[in-house]
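Thank you for making the time this morning.

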Amino acid sequence: LHFFCKGLILAFFFYSGNEDFKPEMLKGKRVIVTGASTGIGEQMAYHLARMGSHILITARTEAKLQKVVAQCLELGAASASYINGSMEDMAFAQSVVKKAEELWGGLDMLILNHVSPAFLSYFNSDVAYMQKVLNINFLSYVTMTVASLPMLKNSGGSIVVVSSLAGKVAFPFTVYYSATKFALDGFFSSLRQEFAMKNTNVSITLCVLGLIDTETAMKAISGVVQISAAPKEECALEIIKGGALRQREIYYEYLSTRIPLLIRDWAPNLLDYIIQRNYNVEKLKD
Ligand code: NDP
């Protein structure tokens, strides 16, 4: 029994990967960050800049992207560029990858982070809107992955997918958002299995985030839910670390994301009850 337990512990460390993160891991790496004009994406761009990466950022708002690029150059980025457009358009999603190829002739890390602005409300049966959100939050992730794969296979690179606890546990009033985040888990976790079976040396890191203090998130939940939010700067760093260490999933913050998942698997009705008690439904937008 003693040897069995020892073996189990060793296997745990082997499979969980206990390598330490070093900022130098990102030095000179060529990284795309989507949704980097604000929030967590913007903070990821700044971390990567301090680490000396080549950065290509994207979002819709050109003026904000210009400011982030200028700040990245000041912070020490090896290079920083942007391309603006909407991820509702798959041709635009492809053109971001094309721009990376033109700039660098290769790619080391693809960080998929952008998200259609979300708000809390009852599901209003709008199928056309569901389609739009699916395009932005899911299909553009697939499109960019497909377009990047030849370069990522060449470099033994990484795909980092920013998801949410709402992509593992069902919360009310986020039906559109949640559907797209669950879809990301299905697509990328299945793809990861195939990569392992085909010895494709491209890692996939799914990031399961709890509530983070970005302006958009704080505005969206204001008055409706009261839970504490974790800092976007630290969250951004944890995502980059997870990608650099080629972890399969990261959970941030750890306990506030892992505990609901444990309850989900063992007592789903209890979890539903706890979640439902947290909402002030009178304050919901129509
Ligand atoms: P923000 O709203 O701050 O940033 C979203 C980014 O996506 C912006 O750069 C925005 O720029 C861009 N974007 C929005 N719509 C489009 C579009 N149609 N085409 C291209 N880009 C677009 O979000 P957060 O930083 O809060 O979230 C970042 C990620 O973290 C998301 O994937 C989110 O789901 C996830 N997450 C966040 C949580 C939180 O509490 N903040 C919790 C769990 C997960 P622009 O408007 O200029 O296009």
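Let me begin with a term: when I say contact, I mean heavy atoms within 4.5 Å. With that in hand, among contacts in the protein chain between residues at least 6 apart in sequence, 73% join residues at least 24 apart.

Two remarks on where the values come from. This is a predicted model, in which local features need pLDDT of at least 70 and side-chain atom pairs count only at pLDDT 80 or more, while totals for chains, interfaces and linings use all residues. Residues are numbered from 1 along each chain as its sequence is written, and side-chain values use heavy atoms, with hydrogens and water left out.

Now the overall picture. The protein chain has 10 helices and seven strands, where helices (H or I, at least four residues) and strands (E, at least two) are DSSP runs, numbered from the N terminus. Its radius of gyration is 19 Å, close to the 19 Å that the globule rule gives for 286 residues, so the chain is as compact as a globular protein of that length; the radius is taken over C-alpha atoms, and the rule is 2.2 Å times the number of residues to the power 0.38. Along its principal axes, the C-alpha trace spans about 60 × 50 × 35 Å.

Of the 286 residues, 47% are buried, and here buried means under 20% relative accessible area, exposed over 50%, and partly exposed in between, with a 1.4 Å probe and protein chains only. The chain exposes about 14900 Å², of which carbon and sulfur atoms supply 57%; these areas come from the Shrake-Rupley method with a 1.4 Å probe.

Helix α2, residues 39-50, has 12 residues and reaches 17 Å from its first C-alpha to its last, close to the 16 Å expected at 1.5 Å a residue, the expected span being 1.5 Å times one less than the number of residues. How many of the residues of α2 are buried? The count is 11 of its 12, and the helix is thus mostly covered; among the buried ones are Glu-42, Met-44, Tyr-46 and His-47. Just after α2, Gly-52 takes a positive phi of about 85 degrees.

Helix α6 has 23 residues, which should span 33 Å at 1.5 Å a residue, and its end C-alpha atoms are 34 Å apart, which agrees. Its buried residues include Tyr-176, Leu-184, Phe-188, Leu-191 and Phe-195, and what covers the buried residues of α6 includes α5 (127-155) as well as β4 (109-112), β5, β6 and β7.

Asn-199 is exposed, with a relative accessible area of 71%. Another residue other than glycine with a positive phi is Arg-246, at near 60 degrees; Arg-246 sits in the loop between α8 (232-244) and β7, and it counts as partly exposed at 34% relative accessibility.

Staying with the backbone, a cis peptide bond joins Tyr-252 and Glu-253, with omega about -10 degrees, and Glu-253 is found in the loop between β7 (249-252) and α9 (254-266).

I will finish with two residues that meet partners from elsewhere in the sequence. Leu-165, in the loop between β5 (158-164) and α6 (175-197), counts as buried at 8% relative accessibility. Not counting residues up to four places away in sequence, Leu-165 touches several residues, including Phe-171, Val-208, Ser-256 and Pro-260; the C-alpha atoms of Leu-165 and Val-208, 43 residues apart along the chain, are separated by 5.3 Å.
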